[in-house]
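Have the model open beside you as we talk.

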Amino acid sequence: MTSCQQVADSAEMIKTITGIPNVTLIPNNATALGLFGTGESYTHFSMAVPEEGFKFYVETTLIPGMEIGVIGWLKFQFDYPQSINPILRFFRITQWRITVKTYNGSQLGQVGVTDTRIATKTLDFDVYPDGLVTGYPTEYVFKINFPPLNTLPAFGNGKRILTVRISWENMTLPFFLKFPWSVRILMPEPVQTTMTTELPTSIGYLDDSMTTISNYPFLRDKWWLIVNIGTTFVIITSVMSAFLVYKSFCLGTSSNSENVTTTMEPQTTEVCFFLK
């Protein structure tokens, strides 16, 4: 199943999607998420990643005179049931070196180290199709695990959708989590809404030209139903009126009959005879 999500092609879009305030786009190069202090992305966000694997980088700049010790934590949280959310710990061991250890599950192990004589330190990570992540140098035993890329939803041609939430703690130096241009952050998937149609509250008068009905698609399509209903109403009204007239006539006739019966009762007349 291929997603219909779109690529977020501006730093402002990515800030809105992730909630990370410091975002830099380096065209045709990388997307850099700036991490300092303590924070987290708003929620999980989606990235289109090559299904054959990809790289990501963590970059910082050491300041001369800093004390040796922990300089930051970075956590990946995946929206995937079988995944273990790795926590990376960045530790300054000398003026020139940083080591990276991970709590992959409950075990702490070293996954990478830098050893350059310049202030800017870049830690490389390789993500493989099965989800295995290795740091530099690659001979370290402890690894990081991302969800298997080849089981994730498809996006376009040769890409998969990796959904992740990141958080960071106590970054005493500015860190930049960098993804190469082959990895693109996506816009949220559009929400599907159900459209409802409201019937008009007033119908208006019907005329011979049907102009009033043409203003309402429902009435225009169902004019015959309205005519039938109107005809039926007229017939029923006529029948009821005739019935009422008939009943009134019957009542009037009955009343007249009673009056006639009362006045036509036989009368008795007395006749008197006188004899002389």
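What follows is a short talk about a cavity and a pocket.

Student: What should I know about the model before we start?
Tutor: This is a predicted model, where local features need pLDDT of at least 70, side-chain atom pairs count only at pLDDT 80 or more, and totals for chains, interfaces and linings use all residues. Residues are numbered from 1 along each chain as its sequence is written, and side-chain values use heavy atoms, leaving out hydrogens and water.

Student: What is the volume of the largest cavity?
Tutor: On a 1 Å grid over the protein atoms alone, a cavity is a set of points where a 1.4 Å probe fits but cannot get out. Points are joined across faces, edges and corners, and a volume is the space filled by probe spheres set on them. The structure holds one cavity of 30 Å³ or more. The largest cavity has a volume of about 50 Å³.

Student: Which element gives the largest share of the lining of the largest cavity?
Tutor: Lining residues have an atom within 4 Å of a point, and strands are DSSP runs (E, at least two residues) numbered from the N terminus. At least two lining residues come from each of β3 (45–50), β5 (69–78) and β13 (159–180). With four residues, the largest share belongs to β13.

Student: Which residues are closest to the centre of the largest pocket?
Tutor: A pocket is an open set with protein on both sides within 12 Å along at least five of seven lines. The largest pocket holds about 150 Å³ of space. Of its 15 lining residues, the closest to the centre are Val113, Thr114, Thr116, Thr122 and Tyr136.
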